[in-house]
Amino acid sequence: MEKIEYRTFVYQAQQSWFGVNVCEDEFGAELNKLGDEGWELVSSAPLAPGASNTVRLVLIFKRKVS
């Protein structure tokens, strides 16, 4: 039977008057790093906002266990 492991990654972006500021280079680099390690993105969802102006997104990845 094939075994799979899962990993969660929480990305935090700053909210401003003009929307959400996402550092695309930083975010893309982190996603590419996970992809190079064999992780595949399977789901994403926003997390409930907190008291600050931070917007959080949880990403769920999976990969086969060797």
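# Briefing on a predicted protein chain

In this predicted model, confidence across the protein chain is lowest in strand E2 (residues 19–21), where the mean pLDDT is 67, and highest in strand E3 (residues 40–46), where the mean is 92. Over the protein chain the mean pLDDT is 85, and 79% of the residues reach 70 or more. The chain contains one helix and four strands, arranged along the sequence in the pattern β-β-α-β-β.

**The chain in outline**

- The protein chain has 66 residues, of which 15% count as buried.
- Its accessible surface amounts to about 5,300 Å², and carbon and sulfur atoms account for 52% of that area.
- When contacts between residues at least 6 apart in sequence are considered, 62% of them join residues at least 24 apart.

**The helix and what follows**

- Helix H1 covers residues 24–36 and therefore has 13 residues.
- From its first C-alpha to its last, H1 reaches 18 Å, which is close to the 18 Å expected at 1.5 Å a residue.
- After H1 comes Gly-38, a residue with a positive phi near 95°.

- Tyr-6 belongs to strand E1 (residues 4–16), while Phe-61 belongs to strand E4 (residues 54–64).
- Although 55 residues separate Phe-61 and Tyr-6 in sequence, their C-alpha atoms are 5.6 Å apart in space.
- Tyr-6 counts as exposed because its relative accessibility is 56%, and the cut-off for exposed is over 50%.
- Phe-61 is buried because its relative accessible area is 2%, and buried means under 20%.

**Contacts of Phe-61**

- Leaving aside residues up to four places away in sequence, Phe-61 touches Glu-5, Tyr-6, Arg-7, Phe-9, Leu-31, Leu-34, Trp-39, Glu-40, Leu-41 and Val-42.
- Tyr-6, one of these contacts, lies in strand E1.
- Leu-31 and Leu-34 are also among the residues that Phe-61 touches, and helix H1 spans residues 24–36.
- Glu-40, Leu-41 and Val-42 are likewise included in the contacts of Phe-61, and strand E3 spans residues 40–46.

- Ile-4, Tyr-6, Val-42 and Ile-60 make a nonpolar surface patch of about 350 Å².
- Two members of this patch, Tyr-6 and Val-42, are also touched by the buried residue Phe-61.

Terms used. Residues numbered from 1 in each chain as written. Predicted model: local features only at pLDDT ≥ 70, side-chain atom pairs only at ≥ 80, totals over all residues. Heavy atoms only, no water. Helix = DSSP H or I, 4+ residues; strand = E, 2+ residues; numbered from the N terminus. Expected span 1.5 Å × (residues − 1). Patch = residues over 30% accessible without salt bridge, like charges linked within 9 Å, V, L, I, M, F, W, Y side chains within 5 Å. Areas by Shrake-Rupley, 256 points an atom, 1.4 Å probe, with all protein chains shown as cover. Salt bridge = Lys/Arg side-chain N within 4 Å of Asp/Glu carboxyl O. Buried < 20%, exposed > 50% of the residue type's maximum accessible area, 1.4 Å probe, protein only. Contact = heavy atoms within 4.5 Å. pLDDT = per-residue confidence, 0-100.
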